[in-house]
Protein chains: 2
Amino acid sequence: MTIGILGGGQLGYMLALAGYPLDFHFRFLDPSPQAPVGRIAPRVSAEYTDLEALEKFAHGLALVTYEFENVPVAAARFLQKIVPVYPPPRALETAQDRRSEKGLFQKVGIPATEFAVVDSANDLEQAIRKLGLPSVLKTCRLGYDGKGQWALRTREDVQRVKKEIPAVPLVLEKFVNFSRELSILAVRARSGETAFYPLVENHHRGGILRLSLAPAPRIASALQREAEDAARRVLEELDYVGVLAMELFECDGRLLANEIAPRVHNSGHWSIEGAVTSQFENHLRAVAGLPLGDTRTLGNCAMLNLIGELPEPGELLAIPDVHLHVYGKPVRPGRKVGHVTLRADSTGQLEQRLRQLPSFFHREEFCLSQRLAHSAKYL
Amino acid sequence: MTIGILGGGQLGYMLALAGYPLDFHFRFLDPSPQAPVGRIAPRVSAEYTDLEALEKFAHGLALVTYEFENVPVAAARFLQKIVPVYPPPRALETAQDRRSEKGLFQKVGIPATEFAVVDSANDLEQAIRKLGLPSVLKTCRLGYDGKGQWALRTREDVQRVKKEIPAVPLVLEKFVNFSRELSILAVRARSGETAFYPLVENHHRGGILRLSLAPAPRIASALQREAEDAARRVLEELDYVGVLAMELFECDGRLLANEIAPRVHNSGHWSIEGAVTSQFENHLRAVAGLPLGDTRTLGNCAMLNLIGELPEPGELLAIPDVHLHVYGKPVRPGRKVGHVTLRADSTGQLEQRLRQLPSFFHREEFCLSQRLAHSAKYL
């Protein structure tokens, strides 16, 4: 069975590495002729809007999936006429627009952050009157890794932002005084079977994920059930097939939905070593019509993103149960070029191993030192 | 770093899948243009004796290793003049000749099966007088998966075999009334650091490995130490770098060395899911000059080889913690086309999951039913 994947970045790369043992073949489509998957699978270099290329790409494929959430919905719908596309293009469409996403949360009854629609500078004033400050202004589309967002703390921030508001649909979100950011990875098979990974604790810096702890320390079972229930509602409403990530805020012991990603997700990378079945294998099992794999965890994990630079591997790999993943992309500032997963048998052993990491990982941007300073509280 | 690998079969395939996350690139050399690694890495199709092709192959490589133990030693020595070759060609040379191999065991003081050199029909009679019947006659070179072996139980067997003895060096081995076949996977880094996986219990049928249990059930710690000590002596004598497999017989609570393989080994495939670091990753870490990874096991595993046919994946993958590995080779009778690993938290849970396997796996050739019938004894 040959699976077509739209997008040829690290998520596609890891899907292919997980899928070869299951006897899947892959074909990728990515506009960039430098996409790293080209090393391990056939890659078509074409724009997502090139219908002729899409048609050629789809020839002989058993199904198409995607690893990039900003694939144009029109491309997914076009392909759907030729070959099954999972997750359904409607999931892509919903996740690409913050208003649709928030509408979905409302429809299925999931608590989410308060928001107001903003189409102009005037709307912004009205939205601020409704929600107050601090708030966060976000573009509805194409925001990622902190781009397309403006934190509004003071009236001065508002005045400055009003001058630079782009002429695109926006939403204003009430600033949530959350205690931490969590995410849950969920998967739904073609048969309707669902499975869930444990809640993960995420730390961002500059809008980019830096550190995930899996399972998130100190999660009451009721909170895990709440997260699974929310994710299940989304999966069923969208008649979803594949892995879906849901980002959440923990506030006063409750969860608020922030956003969904209709694909495998950076906060699930720990599952390669830390779960019986990785998110990558489970996504492929789901879209290919196979039974889902066990999502049970194997100990405790921490995942650290490598942004814009790689560590010296020798010192790192001398620590037991450390796993390095380099994506084979040209190393450029601000770019996710790899990640490291530490696994341990207990939170205590995990903390000990995190402290053993080379100084490279104790710089502020990894969020590790700050997190370890809190360890009396959580770990 | 680009690593050259001689041989493009499933072992090379699994080395590449394990090595990409560590930022290794690969280039394979295999005489067959159908070698399955071609799907995931650049492959040079050339004979191992084609020096011009070898020289071109080596260009720009950081080092060369091999996944096939019958690579001509001359090819490894030729490459060694251009680029580092690990494991050392002397290990290849020793493992390719049963007499050298037995000489090595004697030199380093490892108990092994009694044997006698046979170069002619006359020698055979003399050897039988020395060792008695039953015995096993084996070619010194190019025997694998039960080929090049003759079991001699009676005088009639001897008379028949005398007529068909090939004109090549042979050894006669005294038949060992072993209680079971075991193997140990060992790894030595460029720094001299060593690590060992636990003893594995192996079941063969028609000379081909069918079933491995890892760790081998009911192994006294003294036996594990004895196996590690034997493997360490071989590693050090050969100034070895990489993974080495040693096959052993358990007789009356002691170990007899049978043979070594200077490469990753079929009886180590369970380590992909069942150990903190797989044999494939550890081989690459060793040859690349990185620290070795932790060889600790994660529960109990059974590995079943898929010979000449593949099971229906849906039924199989519905069992928790079952992992399918298909090698992407054309399916032909007698050919290793994949393997399945079951992992469990205890031997009891493993046994339960083995019993849940589809009927496909309970046919005689998988050795599973017979093994499970013995479970009161071992598992």
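This is a predicted model: local features need pLDDT of at least 70, side-chain atom pairs count only at pLDDT 80 or more; totals for chains, interfaces and linings use all residues.
Is Leu182(A) buried or exposed, and what is its relative accessibility? Residues are numbered from 1 along each chain as its sequence is written, chains are lettered from A and ligands numbered from 1 in the order in which they are written, and side-chain values use heavy atoms, with hydrogens and water left out.

**View 1. Leu182(A) in its strand.** Leu182(A) counts as buried, because its relative accessibility is 1% (buried means under 20% relative accessible area, exposed over 50%, partly exposed in between, with a 1.4 Å probe and protein chains only). You'll find Leu182(A) in strand S9 of chain A, residues 180–188 (strands are DSSP E runs of at least two residues, helices are H or I runs of at least four, and both are numbered from the N terminus). Leaving out residues up to four places away in sequence, Leu182(A) touches a list of residues including Leu199(A), Val200(A), Ala216(A), Ile219(A), Met246(A) and Leu255(A) (contact means heavy atoms within 4.5 Å).

**View 2. Helix H1 of chain A, mostly covered.** This helix takes in residues 10–19, and 10 of its 10 residues are buried. Among them are Gln10(A), Tyr13(A), Met14(A) and Gly19(A).

**View 3. Pro88(A) in a loop.** Look between H3 and H4 of chain A and you'll spot Pro88(A) in the loop. Pro88(A) counts as buried, because its relative accessibility is 15%. Not counting residues up to four places away in sequence, its contacts are Tyr66(A), Leu238(A), Asp239(A), Tyr240(A) and Val241(A). Its C-alpha atom is 38 Å from that of Pro311(A), a residue 223 places away along the chain.

**View 4. Arg77(A) paired with Glu93(A).** These two form a salt bridge, with the closest N and O atoms 2.5 Å apart (a salt bridge is a side-chain nitrogen of Lys or Arg within 4 Å of a carboxyl oxygen of Asp or Glu). The pair links distant parts of the chain: Arg77(A) belongs to helix H3 (residues 73–80) and Glu93(A) to helix H4 (residues 89–95), 16 residues apart. Arg77(A) is partly exposed at 34%, and Glu93(A) is partly exposed at 36%.

**View 5. Arg160(A) and Asp157(A) in one helix.** Here the salt bridge has its closest N and O atoms 3.3 Å apart. Both residues lie in helix H7 of chain A (residues 155–164), 3 residues apart, which is about one turn of the helix. Arg160(A) is partly exposed, with a relative accessible area of 46%, whereas Asp157(A) is buried, at 12%.

**View 6. Over in chain B.** Arg254(B) and Glu226(B) make a salt bridge, the closest N and O atoms being 3.1 Å apart. This pair links distant parts of the chain, with Arg254(B) in strand S14 (residues 254–261) and Glu226(B) in helix H8 (residues 221–237), 28 residues apart. Arg254(B) is partly exposed at 47%, and Glu226(B) is partly exposed at 22%.

**View 7. A salt-bridge network.** Asp294(A), Arg296(A), Asp321(B), Arg343(B), Asp345(B) and Arg353(B) are linked by salt bridges. Over all chains, the structure holds 54 salt bridges.
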